Amino acid sequence: MSLGRKLIFGASFAAMSAVAGTAAAQVEDSDRTLDKVTVTGSFIPGTPEDAALPVDVLDQGDLIAVGSPSINEILRDLPSTQGLIGETNQFDTRGGQGNEGATTINLRGLGSARTLVLLNGNRHVGSATIGTDVNFIPNISVGRIEVLKDGAAALYGSDAIGGVVNFITRDDFEGFEVSASHKFIDGSDGDTEIAAIGGWASDRANLVVSGEYALRSELDIKEKDWALLDFNSNPQGGWSSIGNPGTLINPNAIPIADSIGQSAVVFGQADPNCEALGGHVTSIASLGSDFCRFQYTYFDNLVEETETIKLLGDFSYDVSDTMTFKAQAAYSDLSMDEWNTSPSYPPQSLVDTRIDADHPGLVDFFDQNPGYAAELAAFGPTDDYAFWGRFAGVAGLDGEPNKGVRETEQSRLVAGLEGTLFNDGLNYDVSVSWSQRERHTETDDMLVENFAFALDGLGGPGCDPATGTPGVGPCEYYNPMSNAIEVSAVNGATNPQYNPDVANSPELLDWLTDTIVTDTTDELLVFDAVFSGMTGVEFSGGTMGWAAGLQTRNEKFEFGISENANLDINPCPFNNPASITNGNTTAVGNDSCSSPTGQFAFLAGSTNTSLERTVYSGFVELALPISDRLDIQLAGRFEDYGGNVGSTLDPKIAAKFQATENLAFRGSASTTFRAPPQPFLDNRSTTLEFIVPTNAFKAVDTLGNPDLEPEKAFATNFGVLFDNANIRASVDYWRFDFTDPLQLESAGQIVAAYQDCVGGATTRSAADCEAIASHIFPVNTSPDSIERVERNWINGGDIVTSGIDFFGEYSFDLGGADASVGIDGTYTIEYESDDFVDINGVVLAEGGDFVGFLNEGTPFQTIVDLRANAFATYNRGPHSLRYTLRYVNDYEDAAPSIPELAEIDSQITHDLTYNLSLFDERTRFSISAINFTDEDPPQASTDLNYDAYTHSPFGRMIKVGVTHTF
């Protein structure tokens, strides 16, 4: 946290405290006349449970009953959510990669950017790709959570396409409360949380300030035996053919490609010490090659050590009996100071890595392995050998992973007035809110030019490649062979062929890499004015109510990257004239490369971006009590984005019919609209994606598309509600019909289509194949030699998804105690998509129904057809007990690494929470056993061997907590 930021927010909280203190000293006889009512789904006062819209409400009592879980845990366990970002998954580009530490909400599996998040009814800034990261709200400050599971663009605007989640804070709390909890996790030091909330009130003012400190301990992947599997159990489980030890190739075995269908490698020889040092040798028959595979996930964590500080303050002051000033300030800092990743990334250009035949490390290696040398020599004499591998593998970096930094700061300020005019005939709520999310990352990668110098013996921080002598003085050789490895960090084996005279110094390894720094800032400034009241129009059920409002949103996006990776400054890998002298390139400088991807071997460069736009909107809402049994809600919203995006008008109708005292029906229909976020229109970013057709990670460049059109959807909901003294139940059918959905081309589908084009038996036209090939770099390369894939944001094929939400609870007396049993779940019927196309309209892959699939390699996250929770509660005096059974149905992997992993099993877990309240309920002790039968997550054909979007990696967890109110 910068000093300036600390001062700004310290001043904000201090100012709120000072004003509250002044107000508390003013004694007023008049009572406060304004009672804040927040009802998600309507700006006209009402009750969520009685609304015509499907709104789930979780109040503080509900959260306490299940052990006061974190916001991440609350959202993960909601049956109506799918594909959540909440656990570390640096390998999946559908949201997890690059967003470690974030927590998002993904209603219906429509994508977290399609769920609008509110805090006390006001927007909070979101990322274009993942939506709002809610990991800035102190858990102790949450009073209730309202989840509107219906299209809500008519009232709330763009990005409420899939629904709204509104976090309501405890802004009327009085007193002082502290809480502490610790979660015991096998293989980890556990998670610790300390929080406090204080509230002060007078007749005219109220101030509530809360804070939280949380420490999430590292969970090393090696602590879970299911997370690190041998190659045969899951070839995709973190295994790369590009390792260290690696593979040598005699260039005489590499043919001169006469077509893009020609294989780039015909014969490769795995290092003979591969398996002894923890690698795995496999053969690829089509290439006639053996490869030494490296399990890079060995160096990763399932959970990174994460430190989080959160602050939130709510202040209100009655200016008069009919006007209240309100303000809110929030700040959070999430830090991962040692984000673990592979010791090195593989270079994208593989067979171009050459080792001279007189390289001291290679000469010693051949002397110790004469049979290996003879097999390579059988292809003929050569001056150099191609090395297929990475610069650091089983040895790690001095036995350790590569470590990076991930940090997220979120800030928020809100101020406004609410009250009544004209003898309470007009309600108003006017506010200005500002929020910002800053994401900072630091990641190391290998410099292409430094690596080339080091292979020639001209490496090291003290060597001048223009004047130095290879291997003499400060000039060092980098040795990629196994005789440079003393001990394997993977299996602890000591290498008998280790030769310290040809080993790599730590200084050389450090010199081979540099740190890429990125800073991403999303900023949102919103002006809201909402008015409501009652009209003079009378129906038999009462007076018609109305609401109307205006909103402007100023959205800013900034992305900055360090100079060493900025393609405007350093577009090409070779910049030192000595690289020409040494024969590593024929030209240097900014115009020397045909594919300007930057100086680094794996992580592509990018460019700085700064974008800004303002959105104007207005809405009208009517509540028509047609009769004592029938209520109708009408709403419409106009939004204008300007430019190429344009404007939209979205209407909505909702109704509730009370058929009997206990039985009611509700329904809604609306159009929804989502404009392309600014980075989708004009930005360039790079991710690392496992491309199934190549069985390797590739750099994937994502380009903005200025011709994007808004996505639209028609949302419908129909439900039945039953409520009597003991039973509450509801069943809702929902459906979304998307047109022109904003979609990212799939890199995996592009490569699969490219392989089809060059396979010799394609049915695709020459024009289509040419269009597909335009995504692939280098140009006209063989599929085996693909280095990069370029993809675009597009308006994809139409999507239809539908399902059923169900809830039921039976409450009864059990020997003088209050008891209940119930069930809550979502069954997704369909998620149908048209064929997947690229920006040129070329079909990349067939569409279909994606419910019940892992969906890796598609634009969609996991969509499970059935998710449900069953529960039972028992409350007697100071004791309360809650049992929860959580069920996730099985689903399939359409492209598993082996046939045995085609199905991801269903899972049932069991949670139990006990609360004890003492001292007039001022002190509460709780203990929770989460997943108390210690179920492992079902195995999946992914890098981490489980689906991080759906399941938990922790096994049994015991959480103990204490809360005391003074």
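Trainee: What relative accessibility does Arg764 have?

Mentor: This is a predicted model, in which local features need pLDDT of at least 70, side-chain atom pairs count only at pLDDT 80 or more, and totals for chains, interfaces and linings use all residues. Residues are numbered from 1 along each chain as its sequence is written, and side-chain values use heavy atoms, with hydrogens and water left out. A residue is buried under 20% relative accessible area, exposed over 50% and partly exposed in between (1.4 Å probe, protein chains only). Arg764 counts as partly exposed, since its relative accessibility is 22%.

Trainee: Which residue meets Arg764 in a salt bridge?

Mentor: Side chains of opposite charge can pair when their charged atoms come close. A salt bridge is counted when a side-chain nitrogen of Lys or Arg is within 4 Å of a carboxyl oxygen of Asp or Glu. At 3.2 Å, N to O, the side chain of Arg764 meets that of Asp756.

Trainee: How many salt bridges does the count come to?

Mentor: One network of salt bridges links Arg553, Glu555, Arg613, Arg637 and Glu639. By the rule stated above, the count comes to 33.

Trainee: How many residues apart in sequence are Lys310 and Glu212?

Mentor: The side chains of Lys310 and Glu212 meet in a salt bridge at 3.5 Å, N to O. Helices (H or I, at least four residues) and strands (E, at least two) are DSSP runs, numbered from the N terminus. Both residues of this pair are buried. Lys310 lies in strand β16 (residues 306-320) and Glu212 in strand β8 (residues 205-216), so the pair ties together parts whose separation in residues is 98.

Trainee: In which strand does Arg666 lie?

Mentor: Arg666 and Asp732 meet through their side chains in a salt bridge of 2.7 Å, N to O. The pair links distant parts of the chain, 66 residues apart, with Asp732 in strand β31 (residues 727-739) and Arg666 (residues 663-674 form its strand) in β27.

Trainee: Is Asp732 buried or exposed?

Mentor: Its salt-bridge partner is Arg666. Arg666 is buried, and Asp732 is likewise buried.

Trainee: What relative accessibility does Asp225 have?

Mentor: Asp225 belongs to a negative surface patch with Asp186, Glu223, Asp934, Glu935 and Asp936. Patches are made of residues with over 30% relative accessible area and no salt bridge; like charges are joined within 9 Å, and nonpolar side chains (Val, Leu, Ile, Met, Phe, Trp, Tyr) within 5 Å. Lys and Arg count as positive and Asp and Glu as negative, without His or the chain ends, and the place of a charge is taken as NZ of Lys, CZ of Arg, CG of Asp or CD of Glu. Asp225 lies in the loop between β9 (219-220) and β10 (239-240), and it counts as exposed at a relative accessibility of 66%.

Trainee: What accessible area does the nonpolar patch on the surface have?

Mentor: Accessible areas come from the Shrake-Rupley method with a 1.4 Å probe, and for residues only the protein chains shown count as cover. Leu881, one of the patch residues, lies in strand β41 (residues 879-888) and is partly exposed at 36% relative accessible area. Together, Leu814, Tyr874, Leu881, Leu912 and Phe932 have about 380 Å².

Trainee: What is the phi of Asn855?

Mentor: Most residues other than glycine have a negative phi, and most peptide bonds are trans. Asn855 is found in the loop between β39 (848-849) and β40 (866-876), and is buried at 5% relative accessibility. Although Asn855 is not a glycine, its phi is positive, at about 65°.

Trainee: What is the omega of the peptide bond from Asn244 to Pro245?

Mentor: Pro245 lies in the loop between β10 and β11 (247-249). The bond from Asn244 to Pro245 is cis, with omega near 5°.

Trainee: What radius of gyration does the protein chain have?

Mentor: The chain comes to twelve helices and 46 strands, and 58% of its 966 residues count as buried. The radius of gyration is taken over C-alpha atoms, and the globule rule is 2.2 Å times the number of residues to the power 0.38. For 966 residues a compact globule would have a value near 30 Å; the protein chain agrees with this, at 30 Å.
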